[in-house]
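Visitor: I would like to learn how to read helix packing and a chain interface. Could you take me through an example?

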Amino acid sequence: MKETAAPPAPSSVRVAGRSPYVAIALAWLIPGLGHYYLGRRRTAAAFAAIVVLTFVAGLSFQGRLYSIEQGQPLTILATFAVWGAGLLNIAARLFTENPGGSILSVTYEYGCAYLLTAGLMNLLLILDAWDIATGRKR
Amino acid sequence: MTMLALVPTDHFLIMTLYALLVSAFFAILWREDGRERWKLFGVLVAALVGGGLAVAWLMYPFPK
């Protein structure tokens, strides 16, 4: 019977001198900052540009920064997703005139999708930073 | 001219921009090699834009 080669084992070496907890905290605060902290500067810049552009586009399309509403259980998930964008979300809530978006705008639904996607992207970046910092991903 | 006037309202343009951003994100996240990244980016853009157009075409007989 022919033996198949085993896939290479993932590196379990942590990134030297870098705490996984600091990495995920930075990753949540500012998109890409966790990767920058872990020494992946080019990908950090690319991730930051993509997430920030998606979030700003969502705001300009007059999407909604969700908050939890009674009797609307899906708003719990949407709020969790939007809060994934970290400081972007907080700054937008503080400094935009209408965090609830404009439901009458033709681009409202698109704006919501963009804002949710930006938050979810950053949540994935947090998980990715954790995997890199703990050596699960090279 | 206000900034609001610069925001596109064309559905196809907004959908394509979304596809480009999402595809770039996952191509960088899932692939390390530059060539492989571009390949995945192309596949994802084609799938998202093509899928969107296909669904729109299928829904065309059912406007309401």
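Guide: Gladly! Let's start with handedness: a crossing is left-handed if the near helix is turned anticlockwise from the far one by less than a right angle, and right-handed if clockwise. Please keep in mind that this is a predicted model.

Visitor: Which hand does the crossing of α3(A) and α5(A) have?

Guide: The crossing of α3(A) and α5(A) is right-handed. On the α3(A) side, Val51(A), Val52(A), Phe55(A) and Leu59(A) make the contact, and they meet Leu88(A), Asn89(A) and Ala92(A) of α5(A). Sorted by class, this contact has six nonpolar residues, one polar residue and no charged ones.

Visitor: What else describes a pair of packed helices?

Guide: Two packed helices are described by the angle between their axes and the distance between the axes. Here, helix α3 (residues 41-60) of chain A and helix α5 (residues 87-95) of chain A have axes that come within 11 Å and cross at roughly 25 degrees. Angles under 35 degrees count as roughly parallel, and α3(A) and α5(A) are therefore roughly parallel to each other.

Visitor: At what angle do the axes of α3(A) and α6(A) cross?

Guide: The axes of α3(A) and helix α6 (residues 108-133) of chain A cross at roughly 155 degrees and come within 7 Å. That makes α3(A) roughly antiparallel to α6(A). The crossing of these two is left-handed. Residues making the contact include Phe47(A), Ile50(A) and Val51(A) of α3(A), together with Tyr114(A), Leu115(A) and Met121(A) of α6(A). By class, the contact of α3(A) with α6(A) has eleven nonpolar, four polar and no charged residues.

Visitor: How do α1(B) and α2(B) pack in chain B?

Guide: Helix α1 (residues 11-30) of chain B packs against helix α2 (residues 34-59) of chain B at an angle of about 150 degrees, and their axes are 8 Å apart. α1(B) passes α2(B) in a right-handed crossing. Among the contact residues are Phe12(B), Met15(B) and Trp30(B) of α1(B), with Arg37(B), Leu40(B) and Phe41(B) of α2(B). The classes in this contact are 17 nonpolar, three polar and one charged.

Visitor: And how is the size of an interface given?

Guide: Often as the accessible area lost when the parts come together. Between chain A and chain B, the buried area is about 1,800 Å², with 78% of it from carbon and sulfur atoms. Ile50(A), Tyr110(A) and Tyr114(A) supply 28% of the area that chain A buries against chain B, more than any other three residues. In terms of contacts, 23 residues of chain A touch 17 residues of chain B.

Visitor: How many salt bridges are there between chain A and chain B?

Guide: The count is one salt bridge. The side chains of Arg40(A) and Glu32(B) meet in a salt bridge, at 4.0 Å from N to O.

Terms used
Residues are numbered from 1 along each chain as its sequence is written. Chains are lettered from A and ligands numbered from 1 in the order in which they are written. This is a predicted model: local features need pLDDT of at least 70, side-chain atom pairs count only at pLDDT 80 or more; totals for chains, interfaces and linings use all residues. Side-chain values use heavy atoms; hydrogens and water are left out. Axes are lines fitted to C-alpha atoms, for helices over the stretch in contact, and angles run from 0 to 180 degrees between N-to-C directions. Helices (H or I, at least four residues) and strands (E, at least two) are DSSP runs, numbered from the N terminus. Angles under 35 degrees count as roughly parallel, over 145 as roughly antiparallel, 65 to 115 as roughly perpendicular and the rest as oblique. Contact means heavy atoms within 4.5 Å. Ala, Val, Leu, Ile, Met, Phe, Trp, Tyr, Cys and Pro count as nonpolar, Asp, Glu, Lys and Arg as charged, and the others, Gly among them, as polar. Buried area is the accessible area (1.4 Å probe) that two parts lose on being put together, summed over both.
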